[in-house]
Structure formats: structure tokens, C-alpha cells
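Here are some notes for a colleague opening this structure for the first time. Please read them with the model in view.

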Amino acid sequence: METIKKDTLIIGAGLSGLTVSWKLKQIPGHSILLLEQSKRAGGTISSHAEEGYLAEGGPHGFLDNCVESQLLLTETGLDNECLKAPLAKFVRYVCMDGKLNLIPQSPAKILAAPLISPLAKLRVAGDFFKKPLQGEPTVSEWVQYRFGKALLPYVDAVFTGTYAGDLERLVMDAVMPGVRQIEKEHGSLIYGLLKKIKAAKKEKTGKKKGLPAMTSFPTGMSRLAERLYENISSDEIKTECPVLHILRENGGWQVSTEEERFECRNLVLALPVNAALALLANVTGTPPLAKIPEAEIVTIAMGFGGDASLPPGFGYLAPEREQRFCLGALFSSNMFPGRAPKDHILLEALIGGRRHPERLELDDNTLIKEAVQDLQQLLNIPNPPSYAKVLRPRGGIPQLEKGYPDLLRWRNNIMKEEKGLYVTGFGWEGIGLNEMIKTAYRVSEAIKQGEQDSGAENAEVKKVYF
Ligand SMILES: Cc1cc2nc3c(=O)[nH]c(=O)nc-3n(C[C@H](O)[C@H](O)[C@H](O)COP(=O)(O)OP(=O)(O)OC[C@H]3O[C@@H](n4cnc5c(N)ncnc54)[C@H](O)[C@@H]3O)c2cc1C
């Protein structure tokens, strides 16, 4: 078996692997090879165009508040193509007691709105007098301890919209490490945040003020993957090429597929957590978790004509206590132009998630029927829709639950110890596209400098948007 040698091998050609390859190709003389198990690059990103509708089986967009993603858009020229839907203009709703409630976007406005009782608002201020919560609390335990029960449905909506997760299981130190750090430093989270805002004002960081915008492209999110793929020559990528084993050898790395063997100085695993753990089993000690749970969701794209109409805005989310069939829905034709034929609307309903994997077992017709019945109680839409398509993504969303903080520390350690090994991708240091691009940039810079990467130095305080 002939061995192919490269400076850097990248396993996985989703957004993480494609971004790493984009950056490494900027290093003169640096040879790369991407190995991808499926037929096409792009991983979870998967836009679906049919009958004049444009829907997303994976991510719908990303916020324009991440330096590295903005850089990537400029470097690739995609900044001239992208479409933006500003959060300030496109309102969102949370379903409460069977009705859609408009949610203001800033925490102060949320508290000022008549969403929770005056007594519950007073309880939120109880945060000033609480000590940091010890241990590894779940999101639900932590919110109840600091702010009381009244905020739980809104927090539930936030984590349904991002992780399709269960706030009784997601761990606060994993999903919001920056917030936990502030709590530990200042005791009160609100006090710590106010101090941070004051310091930022003094520093005049040059960061954009106001609410960010959701970004996509006229042909959907696949355009991002396509543009990165365009930059890779045919001898720099192998598709339908699942990696079976990795091995440390001769001060470098050896990678095997069923038919070929490769050697490299730097090995980048740009993979979802579980896929990376499966390959690492050969080369490291036992990780604190053998695998982590994933939340699978299906998207049902539904088109309507005639009198159907959507409320203004992005869409809505439904907390679990509402016991609805859909986790929420995106009002896609409101957000971006060209998502539906003339005089038609496109809705994308999300089903399943961490709490309802059983719904993914339903056949397409039942899923569509149940989803339309649910949506009809909230929106002005006819039954049946004039177009409906069930989009089943390739994998689930990694869930950062009990034991994840230890797993992340373990990964950081192996990256420090194993020369030339870089582990990044879906579920490591977050789950969003911005986080994937940010970590891919950091990994590429480490490779360029001939350094090891050992994870983010400071936990970032992520802003929460519905
Ligand atoms: C339904 C859904 C909706 C989402 N919505 C949003 C959103 O609106 N906004 C947002 O910011 N984020 C969203 N996300 C998250 C976003 O999609 C991810 O952050 C991102 O796509 C992850 O990219 P990645 O390259 O790290 O992983 P992936 O996209 O999973 O790519 C990994 C690649 O590795 C390949 N691979 C796996 N094992 C091997 C192996 N052994 N050998 C070779 N190749 C292998 C896979 O085939 C895949 O192509 C969503 C995710 C899902 C599932």
C-alpha cells in the first residue's frame, strides 16, 4: 500500500475542516489533504431548493457578531453576496399558554415587559445576594437558584432554539462558561455584567453596538461551503473516504482508510465530538466520557399560498411546558428574499430534539400532518400546505451535558501533549457556525506558527438571543 505524505491532513470536510483548509492554503508551500467520509463537502450544512422554495436541512444562518466569521466573508468575497436579517427589525415570539408572545431582545426590556409578575421580577433581583452556585449545575438548577422559576420557560426557549436541548440536562459550565466565570468572580451575575459593560464602555472596544443580524446567502447556507470548496483542488480532497484509524508514528501521524494510508506532520480532526472520540480511542488514554448525547431534529419546509400570512418577524419557539408537537418554526420567507414563489410563504417547523427523539421515527406524512395541525392553532395557514418536504439532517446536535467540562479539559490536555494533533469541530467549544469558524481560525494559526493549540484561554460571555 503506497503512503501519501502531506504537511497537514484534515479529517472531515464540514465547515470546520473547510475553514481550516481555507486558512492553511494561505501558507506558501504547505500541502494539505482533506478526507471526507460522505459524497459531498459541507457536513451538516445542507440547503434544499425545490418548486421555487429554498429551505435548510441544517443551519439557517449565523449572526454577524463574530470577528472571524466576518473575516472569512471578506477573505472569500462572500461579504458581497450575503443577505442580512437584522434582529432589531425581525421580532421573535415565545409560545406561552397557547399564544405567541412577542419577546423583546434586550434583557432590560424583557424584565420591563409584562411577561412575568412583579413578584417574580423582585426574585430576579435576588441574584445580587446569591453566592456562586457550587458544583456542575444544569441550566435549570442554575437559573432557578439565581433568578427563580419564572424565567425558566424563556430560558427553555433559548436552549430549544440553539441546542434543541433539555435545560434539565444541559450543564451551565459547558454551555455558558463565560457566565459561570463572571458568577464565580463577582458573586452576582447582574453586578458582574454591569461592571463588564462599564469597563467595555471605557475601553471603547470598537465592537459593533446594537443587535446583530442573521446572515445567509441567496442560494442558502450551502453557498458558504461551496465557496470554501471551490478553493480546494481535486488532489487536496478525497470524498467517500472514511478514516478508520489514526496512529502516532515517527514523530508525525499516520491515518488509514480502507484502501489507503497517509502520513502527516499535523493532523486536524475537524469532526463532531463523537466521531473524534471514536478515532482518538487508539492514541490516547480513556476519555472521561466515551460519547456524548446528540439531539436530532427534522425540519419540515412548508409552503402556503392564497390567504396564508405570517406575523412579522423571524419565528417562534415553544418551551416544553407548552406540550406542543413542534419545537418552533422559522418564518423563512419573512427573513430572506427568494425563499418562496411569488405570493407564497415558507415556514420551516422544527421537530424532535433531545426530549422527543420518538417523533423522528414517524413517517413523513404523519410528521407533516401533525406539524400543520399544531401550527394551525398559532398561525393563519390552510391545511394542507401547497408544498411540504421533510428534511432529515445527517447527524444530531452534540449536547453538552454532565461530564462535558471534564471531557473538554481532557481534549485540551491531549492537544497540549500530542505534538501535531488538533481536535476541533461540532460540539468542541460550542455548537454554532461562528464558534466553528472561530476555532478553525485559531487552530490554523497554531499550525502556521508551529505551535500546539490548547483550547480557548478565556471563556467568552455569549449573548443570548431568542
Ligand atoms: C439541524 C441543525 C440546525 C443547525 N442550525 C444552526 C444555525 O441556524 N446556526 C448555527 O450557527 N449553527 C447551526 N447548527 C450547527 C452547525 O450546523 C454546526 O456548527 C456546523 O455545521 C458544524 O460543522 P463541522 O464541520 O464542525 O461538523 P459537521 O458539519 O458535522 O462536519 C463533519 C464532517 O466530518 C465527516 N466525518 C465524520 N466522521 C468522519 C470520518 N471518520 N472520516 C472522514 N470524515 C468524517 C462528516 O461526514 C462531515 O462531513 C445546526 C446544526 C443542525 C444539526
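This is a predicted model: local features need pLDDT of at least 70, side-chain atom pairs count only at pLDDT 80 or more; totals for chains, interfaces and linings use all residues.

1. Residues are numbered from 1 along each chain as its sequence is written.

2. Around the ligand there are 35 residues, of which Gly12, Gly14, Ser16, Gly43 and Pro59 come nearest (a residue is near if its C-beta atom, placed from the backbone, lies within 6 Å). Two elements give two or more residues to this shell: helix 1 (15-24) and helix 15 (433-449). Helices are DSSP runs of H or I with at least four residues, and strands are runs of E with at least two, numbered from the N terminus.

3. The ligand lies between domain 1 (3-45 + 221-292 + 399-449) and domain 2 (61-66 + 75-88 + 297-392), because both give residues to the shell around it. The domain bounds come from an automatic or database domain assignment.

4. Leu271 sits in the loop between strand 13 (261-270) and helix 11 (273-280). Leu271 counts as buried because it has 27 C-beta neighbours inside 10 Å; the cut-off is 20 or more other C-beta atoms, placed from the backbone, within 10 Å of its own. Leu271 and Ile10 are 261 residues apart in sequence, yet 9.4 Å apart in space, C-alpha to C-alpha.

5. Helix 8 (residues 177-186) and helix 9 (residues 189-203) are roughly perpendicular to each other, a term for angles of 65 to 115 degrees. Their axes come within 8 Å and cross at roughly 100°; axes are lines fitted to C-alpha atoms, for helices over the stretch in contact, with angles running from 0 to 180 degrees between N-to-C directions.

Definitions and conventions
A residue is buried if 20 or more other C-beta atoms lie within 10 Å of its own, exposed if 12 or fewer, and partly exposed in between; C-beta atoms are placed from the backbone. Angles under 35 degrees count as roughly parallel, over 145 as roughly antiparallel, 65 to 115 as roughly perpendicular and the rest as oblique.
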